[in-house]
Number of protein chains: 2
Amino acid sequence: VSGLGLVLDDLPSEEVERLEALHVPLAEAIRELVSAAILTTVDDATVRSATETVRELTAELRREQAGGTAGVHHNPEGRAWNWGNAAVGLRNAAAPPLVMEHRPDGTAYGEATLGPAHEGPPGLAHGGIVALLLDHIMGVTASRYERVTFTGTLTVRFLRGTPLGPVRVDARIDSAEGRKVVVVGSLSDEDGITAEAEGTFVVPRWAL
Amino acid sequence: VSGLGLVLDDLPSEEVERLEALHVPLAEAIRELVSAAILTTVDDATVRSATETVRELTAELRREQAGGTAGVHHNPEGRAWNWGNAAVGLRNAAAPPLVMEHRPDGTAYGEATLGPAHEGPPGLAHGGIVALLLDHIMGVTASRYERVTFTGTLTVRFLRGTPLGPVRVDARIDSAEGRKVVVVGSLSDEDGITAEAEGTFVVPRWAL
């Protein structure tokens with residue numbers, strides 16, 4: 001499936017784990033910095049000096065870097081990683097990140113904690129962040145981690161506002177006929193479902 | 001509309017502008033840092049030292065900070081700001097950010113540049129990021145910046161993958177009857193439309 005840009009990578013799983021252990025703390029630290037920058041009320045000089053330090057850090061990290069984007073990699077051991085992914089990327093400080101579990105029965109479950117960077121209406125999650133989490137878990141559910149699928153249509157019905165804080169998403173395959181897979185999903189807070197979704201995913205002809 | 005958490009703020013517009021001029025460069029610098037952290041291949045010691053520096057910066061910015069989230073503020077001069085917003089927040093390094101223009105004829109137009117932090121399939125924008133941009137511009141179009149609306153349903157139809165890079169979004173009101181406003185929108189790259197959307201927005205009874 002090289003036409004899709006999936007990269008078969010020689011990196012042994014052990015080295016993938018080592019790199020994640022090294023880089024995840026950096027992403028987590030930057031995620032906290034993003035929140036702090038939204039809410040800080042420190043004096044101008046401190047903001048300017050922080051800006052300068054962040055620029056220096058960026059230049060240091062860019063002294064050596066991979067070209068393009070993080071992409072989706074897998075190795076001969078069957079380990080896959082997509083560190084830059086906007087929903088689940090472990091090295092992406094802009095990802096919530098969504099942490100997922102795929103059950104043997106084909107259903108999937110995920111958790112995320114939404115904070116100041118995910119706000120839409122005051123105190124509530126942005127509808128687009130709700131859609132991001134649902135789109136991701138539903139796409140993965142359609143693919144069952146074993147086939148390629150493309151999102152055809154995604155419909156999200158917002159039942160009420162989703163307060164910032166811990167949320168969970170659930171998804172399951174509703175029907176699968178030929179190349180068309182229909183997945184239903186929901187996003188919940190501790191008081192129940194706040195948004196429901198239905199998605200139609202398509203398995204490309206060449207992947208059947 | 002205090003029940004919605006909108007904050008009427010004494011801050012003069014001049015001070016709002018001054019704060020934006022101070023904080024936008026910090027958010028932009030952090031946005032670059034997010035990308036650099038995804039792609040860097042520098043040695044372990046540099047990654048660890050960067051992590052430590054980011055933590056120190058966060059602690060400095062948190063010495064004084066607003067409580068809760070950024071929220072949506074407006075002042076008696078009619079200036080509004082939502083610095084933490086997940087799609088357009090000027091102080092939110094995790095926002096793409098979407099830059100919008102609302103035309104007198106009621107249509108809206110916006111631009112964003114998607115990068116390594118917005119990836120879904122290799123080299124392509126995450127479907128959820130496409131949904132985030134569409135949800136935002138369509139909601140604003142429904143509200144016309146002058147009334148409160150809630151998103152009822154959002155349907156996104158993905159026509160093809162959206163390459164990372166510059167994108168634009170367009171939206172217009174398709175119909176408005178009673179409390180129900182239907183908005184249509186699209187997201188395009190330089191070769192044309194990649195996703196279409198339809199959203200149903202509801203004006204709460206008390207806001208009519």
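Reader: Which residue does A:His74 stand opposite in β3(A)?
Author: A:His74 faces A:Ala80 there. This is a predicted model, where local features need pLDDT of at least 70, side-chain atom pairs count only at pLDDT 80 or more, and totals for chains, interfaces and linings use all residues. Residues are numbered from 1 along each chain as its sequence is written, chains are lettered from A and ligands numbered from 1 in the order written, and side-chain values use heavy atoms, without hydrogens and water.

Reader: OK, so how is β3(A) joined to strand β2 of chain A?
Author: Two bridges link β2 (residues 72-74) of chain A with β3(A), and the two run antiparallel. Strands pair if DSSP finds at least two bridges between them.

Reader: What's the strand order in that sheet?
Author: The order is β1-β2-β3 (chain A), in an open sheet of three strands with mixed pairing. β1 (6-8) and β3 (80-81) of chain A are the edges, each with a single partner strand, so one side of each has no neighbour in the sheet.

Reader: How many helices and strands does chain A have?
Author: Chain A has three helices and nine strands. These are DSSP runs numbered from the N terminus (helices H or I, at least four residues; strands E, at least two). The pattern along the sequence is β-α-α-β-β-β-β-α-β-β-β-β, and the C-alpha trace spans about 60 × 45 × 25 Å along its principal axes.

Reader: Switching topic: what rotation superposes chain A on chain B?
Author: A rotation of 180° with 0.0 Å of shift along its axis does it, with an RMSD of 0.0 Å (least squares on C-alpha atoms of residues with pLDDT of at least 70 in both). The two copies are therefore related as by a two-fold rotation axis. Both copies use the same surface, as 100% of the contact residues of chain A recur in chain B (contact means heavy atoms within 4.5 Å).

Reader: How do α2(A) and α2(B) cross?
Author: Their axes come within 11 Å and cross at roughly 165° (lines fitted to C-alpha atoms over the stretch in contact, angles from 0 to 180 degrees between N-to-C directions). That makes α2(A) roughly antiparallel to α2(B), a label for angles over 145 degrees.

Reader: And which residues of α2(A) meet α2(B)?
Author: A:Thr46, A:Ala50, A:Thr53, A:Val54, A:Leu57, A:Glu60 and A:Leu61 do. Their partners in α2(B) include B:Thr46, B:Leu57 and B:Leu61.

Reader: Where does α1(A) come in, and how does α1(A) cross α2(B)?
Author: The axes of α1 (residues 13-39) of chain A and α2 (residues 44-61) of chain B come within 9 Å, crossing at roughly 20°. That makes α1(A) roughly parallel to α2(B), the term for angles under 35 degrees. Among the residues of α1(A) that meet α2(B) are A:Arg18, A:Leu22 and A:Ile30.

Terms used. Angles under 35 degrees count as roughly parallel, over 145 as roughly antiparallel, 65 to 115 as roughly perpendicular and the rest as oblique.
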